[in-house]
Amino acid sequence: QDYLQVLCRIIVDFSGTLDKFIGDCIMALWNVPRPVERHEEAVIGAAMEMQAGLVELNHGWEQAGVPAIRFRIGINTDTVLVGNFGCRNRINYTVLGDGVNLASRLEAAN
């Protein structure tokens, strides 16, 4: 819970939009649904801050005897489809496209 709370706060602080949770992963978007000036810098700043936040969390957990965790980040900027996607019974506001898939592949490659 602390993990997601810290990372989500950082994403929002850097003008990101929380898209969804996929297991223990967070999918975040920048520059949608509203423009974010210099969004490329905002996302890099958020990634660096999230890494620093995880160091702090791990330090506290290690002191409590809880094993440290690691995470990976995939970042890509591209033109993608944005909107409400789904079916009649379930719709999500999200992004689709090759750029989204590339970010996912970059995250997995770390």
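Helices (H or I, at least four residues) and strands (E, at least two) are DSSP runs, and they are numbered from the N terminus. Read in that way, the elements of the protein chain follow the order α-β-β-α-β-β-α from the N terminus on. That comes to three helices and four strands. The model is predicted.

**Overall dimensions and surface**

- The C-alpha trace of the protein chain spans about 45 × 35 × 25 Å along its principal axes.
- The protein chain has 110 residues, and 28% of them count as buried.
- Its accessible surface comes to about 7,800 Å², and carbon and sulfur atoms account for 52% of that area.
- Among contacts between residues at least 6 apart in sequence, 39% join residues at least 24 apart.

- I44 counts as partly exposed because its relative accessibility is 42%, which falls between the limits of 20% and 50%.
- Together with M48 and I75, I44 forms a nonpolar patch on the surface. The accessible area of these three residues together is about 270 Å².
- H39 also lies in helix α2. With a relative accessibility of 17%, H39 counts as buried, because buried means under 20%.
- Leaving aside neighbours within four places in sequence, H39 is in contact with W30, N31 and T77.

**The loop between β2 and α2**

- Most residues other than glycine have a negative phi, and most peptide bonds are trans. The loop between β2 and α2 holds N31, which is not a glycine but has a positive phi of about 80°.
- N31 has a relative accessible area of 31%, so N31 is partly exposed.
- P33 lies in the loop between β2 (25-29) and α2. The peptide bond that joins V32 and P33 is cis, with omega about 0°.

**The loop between α1 and β1**

- S15 has its place in the loop between α1 (2-13) and β1 (17-22).
- Although S15 is not a glycine, its phi is positive, at about 65°.
- The relative accessible area of S15 is 34%, so S15 is partly exposed.

Terms used: Residues numbered from 1 in each chain as written. Predicted model: local features only at pLDDT ≥ 70, side-chain atom pairs only at ≥ 80, totals over all residues. Heavy atoms only, no water. Patch = residues over 30% accessible without salt bridge, like charges linked within 9 Å, V, L, I, M, F, W, Y side chains within 5 Å. Areas by Shrake-Rupley, 256 points an atom, 1.4 Å probe, with all protein chains shown as cover. Salt bridge = Lys/Arg side-chain N within 4 Å of Asp/Glu carboxyl O. Buried < 20%, exposed > 50% of the residue type's maximum accessible area, 1.4 Å probe, protein only. Contact = heavy atoms within 4.5 Å.
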